[in-house]
Amino acid sequence: MSVHSLLCERIAIAKELIKRAEALCRSRKGGIGGGSKLCSKLKAELKFLHRVEAGKVGIKESHLQSTNLTHLQAIIESAENLEEIVGVLHVFTYEDKFGEKQSLVVDVIANNGHTWVKAIGRKAEALHNIWLGRGQYGDKSIIEQAEDFLQASCQQPVQYSNPHIIFAFYNGVSCPMAERLKEMGISVRGDIVAVNALVEGTKEDLHLDSSGSDDGGECLQVTKVDRDTLIASVAFPTEIRVDLCNRVNLDITTLITYVSALSYGGCYFIFKEKVLTEQAVLEREESVLPVLEEFMKGKELFACESAVKDFQVILETLGGPGEKSRAALFMERVTVVPNQPSERALRLVPSSKINRRSLTIFGTGDALKAITMTANSGFVRAAANQGVRFSVFIHQPRALTESKESSATPLPKH
């Protein structure tokens, strides 16, 4: 293929990938984290190719064949093959085995955070040679990168489980490398190709670096990738099993939302209080109760003493008879536990968003290894800004409104 033909092909691929990346970002309400970064990288590649086309940049055919498009295409194809994509090109910080701070780029975060994907576009031959120490100086082997992923994932649990790691190979992977990755607990996707029997040759014959030896004719035994022999072709699993957390910790905001008259049809009012009217509008647009029930289904429900005590005080002060009755029935499903905030929760510095009550409630959920259901997104963000990320399920808030209905203006239900 001529350089011009290859250039035209690369430009067409870049344009198509931009469309697919933009469609991917639109596939999730609120977008996908890192989606704009992915689109920007693709547009930068296209801009560079247009400069080459205009004669502003001189480039060799080999450079066109090794552009970033290969890797970016692998990222998009990985994302298109998985469900619940929440991020691409996400940078995590972690401590390595020596205690040093490191950063790691995860190409695709899928399954609502439970799955990390590394998309690899390099050819099986190059990957295998690097693994055997026959690459360029400073090249990091896939196995070494896998160790980094495992180290980082242990420090980034999602609902108290480490993310499952997939290495997706778009230009093949040698069988020994694939086996080693599986032994490490990493899933492999892509074509797994054979390596031939041990062969003999000199460093010059095998195109190896001979700078470390005066004897250029030294006889070596090495393995070589046999791309023509396909051992297996592994597609992305249609369903990835995840150890889901079965415990739920209930915040006061969730307890109130669950029993609120708004959640049971009492949303057809214009209240004197603006915030209540706004919540009624939101409830008419999307009912919150089915969302709560769906998440709680089949799970153990817990609430700490502080949450229950303060909820009962609010209920006695503002609750109507229906709300109080629903609360009594609902609390029969809930196990009340002593306040027991986790150590990392207690390290949080109090602020306008981090008060003692919230710290106790979220910290107790953390100690229980439970997911805290809450409408208090402000606390979650403030804690994350201090480096403490809680496992949470955030929902819209609903206030107690039954006692306010008598002074509100009713609306037609249709």
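**Stop 1: the α6/α7 pair**

Select helices α6 and α7 in this predicted model and look at how they cross: the crossing is right-handed. Helix α6 covers residues 142-154, and helix α7 covers residues 175-183. Their axes lie 10 Å apart and meet at an angle of about 15 degrees. An angle under 35 degrees counts as roughly parallel, and α6 and α7 are therefore roughly parallel to each other.

Now show the side chains at the contact. From α6, pick I142, I143 and A146. From α7, pick M177, R180 and L181. Colour them by type: five are nonpolar, one is charged, and none is polar.

**Stop 2**

Move to the loop between α6 and β4, where β4 spans residues 164-169. Select Q159, which sits in this loop. Q159 is partly exposed, with a relative accessible area of 21%.

Next, select Y160, also placed in the loop between α6 and β4. Y160 has a positive phi too, of about 70 degrees, and is not a glycine either. With a relative accessible area of 26%, Y160 is partly exposed.

**Stop 3: helix α8**

Jump to helix α8, residues 252-259. How many of the eight residues of α8 are buried? Seven are, so α8 is largely enclosed by the rest of the structure. Select the buried ones: I252, T254, L255, I256, T257, Y258 and V259.

**Stop 4**

The side chain of T254 makes a polar contact with the side chain of H395, at 2.8 Å. H395 belongs to the loop between β15 (392-394) and β16 (409-410). Is H395 buried or exposed? H395 is buried, with a relative accessible area of 7%.

Finish by displaying the contacts of H395, leaving aside neighbours within four places in sequence. They include T253, T254 and T257. V288 and L292 are also in contact with H395. M373, T374 and A375 complete the set.

Notes: Residues numbered from 1 in each chain as written. Predicted model: local features only at pLDDT ≥ 70, side-chain atom pairs only at ≥ 80, totals over all residues. Heavy atoms only, no water. Axes fitted to C-alpha atoms, helices over the stretch in contact; angles between N-to-C directions. Helix = DSSP H or I, 4+ residues; strand = E, 2+ residues; numbered from the N terminus. Parallel < 35°, antiparallel > 145°, perpendicular 65-115°, else oblique. Left-handed = near helix turned anticlockwise from the far one by under 90°. Contact = heavy atoms within 4.5 Å. Nonpolar A, V, L, I, M, F, W, Y, C, P; charged D, E, K, R; others polar. Buried < 20%, exposed > 50% of the residue type's maximum accessible area, 1.4 Å probe, protein only. Polar contact = N/O pair within 3.5 Å; in protein donor to acceptor, adjacent residues only side chain to side chain.
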